[in-house]
Amino acid sequence: PAGGPGAMAKPGVLLTEEPAPQAVPASDLPMKVYEVSVNTEPDSFSGLATAGFRTAKYLPAEWHQSNSDLYHKAFAGCEQAERCRAEAKELAECAAAAAQRAQQASTAGLGQRLKDIHFWKAELQKEIEDLDAETGLLAAQKMRLERALDATKVPYAIATDNLQCRERRQPPDLVSDEVERELLKEAELIRNIQELLRRTLTQAVNQMRLNRDHKEACELDWSDKVETYNIDDKCGRYSNQSTNVQFHPSSVKVEESASTPETWARFSHDNIYRAEREKMASINLRALIDNILHDVSEDLRMQCAAVNEAFAKRCEELDDAKHKLEYHLRKTLKEIGDKEASIAALKQAIKDKEAPMKAAQTRLYDRAFRPNVELCRDEAQFRLISEVEELTESVESLKKKLLESEQSLRNLEDTRMNLEKEIAVKTNSIFIDRQKCMAHRARYPGVLQLAGYR
């Protein structure tokens, strides 16, 4: 072949060293032109016999070029494969490092998220406990209001009963006195207090409902955060060595309804803010209830003292009036006795004048029978006539005085009856005010009952 043995390269050099640059650049081999040798000599058949060995053959230069190209491609392929392998190793190492960094960042993010969730969960739990305690305190105040409202029924019943009892007083003691004005004032005060307590009780019930509603909202938020904390805590514990992890390709998408960290924090902040606002409103309401119950009990006790003082003063006036009436009754009875004795004496005096009148008139009658000139108007006659006239005048005066005394006695009897009737009226009034009303007022509840502590 062309080129000879010296033209062939050593196999060891081709396997370990890069081949020398070729004069002809590497390219696809040209299409071989097949030529058929034709023997033009006459009567010759040798050309036809060797024609198959001389066709479709490469030249030696082409054979060397083909080997050189193959060596070059092999070396370039090995070099590219080595470089690709190094790049693949570096890429794998970078990908592993990036994956580890991403996992660490995710774990750190989950840890920070756990801290945030724990913070708001603790804040919500504190607010829930505060609201629960505040609702319990407000419930105690509500119970005080109910007891205080029940306690006002007794004073109102006492006041109305006192007014009804005093209606049974008899004239002229059936007067609109200071006691009645104080009792009416007390009844009006109790009605106003009952209305105030009912309104405050309704307000307390509404505030307790609001406390429970906001406590429930905080509890729902707290429950969601507990569940989220457990989920994120479980996610934070996942690692490459975990056996309970698997592919979830569809989980990469972001939910459109998902909240942002700002709206998430704002939601819990708003829940706590509203709960705190209701808690402060509940605290203020409890303070208001304390003041109301204190003022109510003080006002009722002060009005009760005013009514009792008016009753005591009225009873003193009635006692004084009764004592004076009894004094005048005793004087009237004594005067009646004296008057009756005086009338008896007058009647006796009139009766005692009958004998002197009879004697004087008999003398005049008998002297009228003196005869003739003896029928003289002497001094004795005039004296007898004067005596009869004196006796007649005296009897008339005594009778007149008797009539006056009898009329005076009748007046005294009327006065006695009026005094006795008035004493009975005063006794009835004293009995009503002291035995009925004041005894009933002894059942008036104390300050602790009116303040709702009992």
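Is F119 buried, exposed or partly exposed? F119 is partly exposed, with a relative accessible area of 43%; buried means under 20% relative accessible area, exposed means over 50%, and partly exposed lies in between, for a 1.4 Å probe and protein chains only.

## Basis of the model

This is a predicted model, in which local features need pLDDT of at least 70, side-chain atom pairs count only at pLDDT 80 or more, and totals for chains, interfaces and linings use all residues. Residues are numbered from 1 along each chain as its sequence is written, and side-chain values use heavy atoms, with hydrogens and water left out.

## Aromatic pairs

The structure holds two aromatic pairs. Rings of Phe, Tyr and Trp (its six-membered ring) pair if their centres lie within 6.5 Å; planes under 30 degrees apart count as stacked, over 60 as edge-to-face and the rest as tilted. The ring centres of F119 and W120 are 5.2 Å apart and their planes stand at 75°, so this pair is edge-to-face. W120 is buried, with a relative accessible area of 15%.

Y365 and F369 also form an edge-to-face pair, with 5.1 Å from centre to centre and 75° between the planes. Y365 is exposed at 53% relative accessible area, and F369 counts as exposed at 59%.

## Charges over rings

A charge sits over a ring if NZ of Lys or CZ of Arg is within 6 Å of the ring centre and within 35 degrees of the ring normal. The charged end of R113 lies over the ring of W264, 3.7 Å from its centre. Likewise, the charged end of K121 sits over the ring of Y229, 5.5 Å from its centre.

## Helix 3 and its contacts

Helices are DSSP runs (H or I, at least four residues), numbered from the N terminus. The axes of helix 3 (residues 60-151) and helix 4 (residues 153-166) come within 4 Å and cross at roughly 15°. Axes are lines fitted to C-alpha atoms over the stretch in contact, and angles run from 0 to 180 degrees between N-to-C directions. The two helices are therefore roughly parallel to each other, a term for angles under 35 degrees.

Contact means heavy atoms within 4.5 Å. L149, D150 and A151 in helix 3 meet K153, V154 and P155 in helix 4. Q141 is also found in helix 3 and counts as buried at 7% relative accessibility. Apart from neighbours within four places in sequence, Q141 is in contact with R286, I289 and D290.

How values were computed
Parallel < 35°, antiparallel > 145°, perpendicular 65-115°, else oblique.
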